[in-house]
Amino acid sequence: MKLMKGVKFSGLLVPLLFTALLAGSVNGIGVNWGTQATHPLPASTVVKMLKDNGIQKAKLFDADASILGALKKSGIQVMVGIPNDMLYTLANSRQAAEKWVSKNVSAHVSSGGVDIRYVAVGNEPFLSTYNGTFEATTLPAMQNIQLALIKYGLSNQVKVTVPLNADVYQSSSDKPSDGNFRSDIHDLMVQIVKFLSDNGAPFTVNIYPFISLYNDPSFPVDYAFFNGYQTPIDDNGKEYDNVFDANHDTLVWALQKNGYGNLPIILGEIGWPTDGDRNANNQYAQRFNQGFMSRYIAGRGTPMRPGPMDAYLFSLIDEDNKSIQPGNFERHWGLFYYDGSPKYQLNLGTRSNANGLVGATGVHYLAKKWCILKPSANLNNDQVAPSVAYACQNADCTSLGYGTSCGNLDIQGNISYAFNSYFQINDQIDTACKFPGLSVVTDKDPSTGDCRFKIMIQTDSAQIRKPVGLMLFVVLFFAIL
């Protein structure tokens with residue numbers, strides 16, 4: 001991100017705008033650190049992973065005290081998050097906002113040595129699927145958090161932003177120059193952008209070319225990546241050969257048309273999943289993320305913003321307890337698997353990362369045993385379907401299905417995968433492999449090809465999985481049969 005002098009906003013010349021925001025900031029790549037896992041790695045292990053890979057910025061989705069404690073004096077810059085379900089309270093109570101800032105920002109910055117730079121108020125609160133639920137509370141919550149930061153003397157160091165999905169703007173054509181904010185929230189977006197500008201804060205946007213490919217079967221595959229697309233779009237002399245540039249610059253045009261063309265932009269989330277869909281695999285993820293990182297390292301931006309970018313890759317580690325409502329791929333965005341092992345080679349442009357991604361150290365696994373379908377089991381047993389459905393409902397079967405890493409398993413393999421997932425998530429307790437007349441524990445690894453039958457890691461904070469819908473997995477089971 002460049003320091004900009006003499007930027008004109010709302011008729012006022014504001015010299016050295018954003019100086020406080022940018023002073024001392026780092027240009028290295030950031031990552032999103034999500035924690036929706038049944039067996040999360042210890043925070044200290046993750047912080048070591050960040051440092052071992054030369055990652056200098058971490059974006060959180062809450063303000064977990066144990067994670068912030070592990071980040072103490074780490075030299076890693078932090079964006080803490082406020083979940084959407086807190087927006088109403090914070091919007092309606094300045095006292096609640098002050099209490100939140102005192103506990104989750106001031107206490108860690110002032111005495112804990114945590115380098116907090118941003119507070120992300122909400123997460124994609126204007127998604128069209130939310131039907132306007134958070135439209136009335138997001139900006140007031142941001143304002144109250146800002147006032148609280150001012151009260152505690154932190155408003156120069158810590159900036160308030162809101163990570164927004166790219167659906168808050170749109171273009172009436174395939175050209176970025178036709179872009180503007182979504183009509184139903186246009187006025188609200190201009191108010192938020194003014195707030196960001198007035199307080200020297202950046203616009204944070206999440207851009208996902210994978211979703212373009214996922215939502216549209218006819219979407220040109222190469223246009224989702226940074227190489228290979230042969231027919232670029234010409235927009236008044238600026239050429240677009242990938243959807244990321246076009247999407248990003250649609251936002252730039254929306255800002256420009258509303259009087260804020262020089263507002264800094266942070267890429268809050270950008271990445272590619274590795275499983276759960278036919279276009280989600282390690283090869284595509286490596287192609288996309290390395291394509292992005294090569295540009296990032298070179299300081300190459302977009303046609304409308306050609307300079308260095310500020311970005312957070314999504315995400316660091318797979319999360320097997322995320323909602324799969326958007327799609328089965330949601331649990332597979334990590335650069336690393338659940339156990340902190342790298343999925344593929346990725347050059348992050350850091351000295352520590354010169355030989356590729358560095359995995360977690362000191363990880364301990366449960367015993368080398370798996371729960372599988374008993375070889376003598378009768379597939380016509382009326383307990384098969386409900387057993388698989390129950391296992392998947394309470395575990396993770398998102399690697400099963402067409403085009404996934406385990407998509408080539410036969411019927412027995414599918415059932416075994418479901419049983420083992422439940423067995424491992426429940427820490428291999430004996431009762432987790434007691435599907436009536438159907439299951440047995442084996443010490444022979446049933447993994448085959450790209451399909452990995454997990455062995456769970458040992459953790460002190462295993463979480464109980466929330467059921468995500470029995471019928472979904474019943475349908476999945478019969479589909480893969």
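Are C406 and C451 buried or exposed? Both C406 and C451 are buried, where buried means under 20% relative accessible area, exposed over 50% and partly exposed in between (1.4 Å probe, protein chains only).

The legends below describe a predicted model, in which local features need pLDDT of at least 70, side-chain atom pairs count only at pLDDT 80 or more, and totals for chains, interfaces and linings use all residues. Residues are numbered from 1 along each chain as its sequence is written, and side-chain values use heavy atoms, with hydrogens and water left out.

**View 1. Disulfide pattern of the protein chain.** The structure contains 3 disulfides, a disulfide being a pair of cysteine sulfur atoms within 2.5 Å. With bonded cysteines counted along the chain, the pattern is 1-5, 2-3, 4-6.

**View 2. The disulfide between C371 and C433.** The S to S distance of this pair is 2.0 Å. The torsion about the S-S bond of C371 and C433 is about 85°, so the link is right-handed. C371 lies in strand 16 (residues 370-373) and C433 in the loop between helix 12 (411-425) and strand 17 (439-442), so the bond ties together parts that are 62 residues apart in sequence. Helices (H or I, at least four residues) and strands (E, at least two) are DSSP runs, numbered from the N terminus. C371 counts as buried because its relative accessibility is 0%; C433 counts as buried at 6%.

**View 3. The disulfide between C392 and C397.** The sulfur atoms of C392 and C397 are joined at an S to S distance of 2.0 Å. The link of C392 and C397 is left-handed, with -85° about the S-S bond. C392 and C397 are both buried.

**View 4. The disulfide between C406 and C451.** C406 is joined to C451 with an S to S distance of 2.0 Å. This link has 95° about the S-S bond and is right-handed. C406 lies in the loop between helix 11 (384-393) and helix 12, and C451 in the loop between strand 17 and helix 13 (470-480), so the pair ties together parts that are 45 residues apart in sequence.

**View 5. The surroundings of N279.** N279 is located in the loop between strand 14 (265-270) and helix 10 (282-297). N279 is buried because its relative accessible area is 8%. Not counting residues up to four places away in sequence, N279 touches F210, L213, W272 and Y284, contact meaning heavy atoms within 4.5 Å.
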